[in-house]
Amino acid sequence: MPTGAAAIEVRGLAHRYHGAEGALQALDRIDLSVADGEFVSLVGPSGCGKTTLLRAIGGLLQAEAGQVRVLGVDPEEAQRRRLFGLVSQEPGLLPWRSVEANVRLPLEVTGAGADVSALLARVGIGEFARYAPRQLSGGMRQRVALARALVHGPRVLLMDEPFGALDELSREAMRLELLRLWESERITVLFVTHSIREAVLLSDRVVVMAPRPGRILDDLRVPLPRPRTDALEETPEFVALVTRIRAALREAS
Amino acid sequence: MTAARLRRVSGVVLPPALFVLALLVVWDLYVRWRDVKEYLLPPPVEVFRALVHDPGRFADAAVESLTAALGGLLIASAVAFGLAVVMAHSRTLERALYPPALLVKVTPIVAIYPLLAIWFGFGIGPKVAIAALITFFPMLVNAVVGLRSIDPQAHDFMRVLHASRWQVFWRLRLPSSLPYVFAALRISVPLSLVGAVVAEFLSGSSGMGQLILIANGDFDTPGLFGAALVLAAMGVSLTAAVSYVEGRVLTWHDSSGG
């Protein structure tokens, strides 16, 4: 796969949820292309379909219409080829397993091999390998979830509001941690978030979405230099991008 | 044992022990004071005497009943869990199997004892069958709920890895169901004893049920009290055993340990 080829290719994706009050158009003819190694955020208010889009790309949801390609294959084949890693809002760890055994789970499922203790050390939980998840703070648990999502060497990391349940300080620490990790790994990341600042700080591109029907409002390149740090948040370029996204969202609502 | 641990244990054990002791004293004084006939209410010491006079009689009967109860419990739990696995994986099969299972629950099991006796004879067979039928439903319902109670985020994670149903079952569903399985066992262990003793009442052939029938016929009220005590002790020990195993197995679960 040459660099620059599309890691994720979405064409005309549409999906409705059927509830008691009729159908809700969660996604309306979405087109999206994410290059290999690109970090793309989906940002928007609740109900804009950003999670639905992520789930359709990961093969967790069968959209009613449209097409998804992940590194040239459909999502189910991408699952079969173990191309995905997933981090959700709740860590979803297995409480009966230690941290290390949780991170080992993908290796058991896929049959892949990896240096688990090195990975634990890299995400900053090396000394907690034998702990049970319940003994860890929310931020630490999410680090375990991140290590678990990366251990089998995925090509596309799907992150669904991964820091949404954390307190502000843990959030900031996790953002920087993720930046550091991603800047050394450079795998494709699709990152769903409510936070405009978070999206701008982390991403190469920010895709702005709006609800009813779920659609893409804007697709902005973030021309800020890497490696990035939180000092960036004070620069005029950063503030200008955040302001522009916020304006787009306000206009749509 | 540390002093703190000792204090904690004595805090748990002491109040009920004192209460029971007080109860025995009041019971004893009342019987003496009102000169109550022994066949109506024997003094505690007579109950104790009945138990130690012929402990073999109680022990043999207890083993008989326990075997039937645990046999039924084991068979029912295994079958119910197996069915639950099927039902947890298929809504269609769940819809098909639930009504008949419910029928087993709502049918007064005593009513089909004659049938069971015809099919299984007069030995341990019908006792095991009754204990099994009475403990079947709690395990089935709990196991279905437990097997479905998986963390959706953990399930999503395994799905994007293309984990097989088998892998999801062993690594996620089965461990997730264990707290529910133990909850079912805590319900069904005493029920299994009820089933066995009821069957013995009906057949009169052996076990604690028969012992009670005989004691009743002999106006042996101390024997009746003794039998009740033995059955209570059996129920308590079995429940404690379940709790002990649960505490060992479910160290990760909130409800375990305490």
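Which strands of chain A does helix α1 (residues 50-57) lie across, and at about what angle does the helix run to β1(A)? Helix α1 of chain A lies across β1, β2 and β4, and runs at about 120° to β1(A). Axes here are lines fitted to C-alpha atoms, for helices over the stretch in contact, and angles run from 0 to 180 degrees between N-to-C directions. Helices (H or I, at least four residues) and strands (E, at least two) are DSSP runs, numbered from the N terminus.

The model is predicted: local features need pLDDT of at least 70, side-chain atom pairs count only at pLDDT 80 or more, and totals for chains, interfaces and linings use all residues. Residues are numbered from 1 along each chain as its sequence is written, while chains are lettered from A and ligands numbered from 1 in the order in which they are written.

The three strands under discussion form an open sheet in chain A. Their order is β2-β1-β4, and the pairing is antiparallel. Two strands pair if DSSP finds at least two bridges between them. β2 (22-35) and β4 (65-70) of chain A are the edge strands, each pairing on one side only. Direction ignored, neighbouring strands of this sheet are turned by 20° against each other on average. Strand β1 (residues 6-19) of chain A is joined to β2(A) by 10 bridges. A:H15 has A:L27, in β2(A), as its bridge partner.

Chain A is assigned two domains, with bounds from an automatic or database domain assignment. Domain 1 spans 6-83 + 155-252, and domain 2 spans 93-154. Their C-alpha centres lie 24 Å apart. The contact takes 15 residues from domain 1 and nine residues from domain 2 of chain A. Two residues are in contact if their C-beta atoms, placed from the backbone, lie within 7 Å. On the domain 1 side, β6 (156-160) and α6 (168-185) of chain A each give two or more residues. The largest share, five residues, comes from α6(A). By class, this side has 11 nonpolar, one polar and three charged residues. Ala, Val, Leu, Ile, Met, Phe, Trp, Tyr, Cys and Pro count as nonpolar, Asp, Glu, Lys and Arg as charged, and the others, Gly among them, as polar.

Between chains, 20 residues of chain A are in contact with 15 residues of chain B. On the chain A side, two or more residues come from each of α2 (75-80), β5 (84-87) and α3 (99-110). α3(A) gives the most, with four residues. This side of chain A has 10 nonpolar, six polar and four charged residues.
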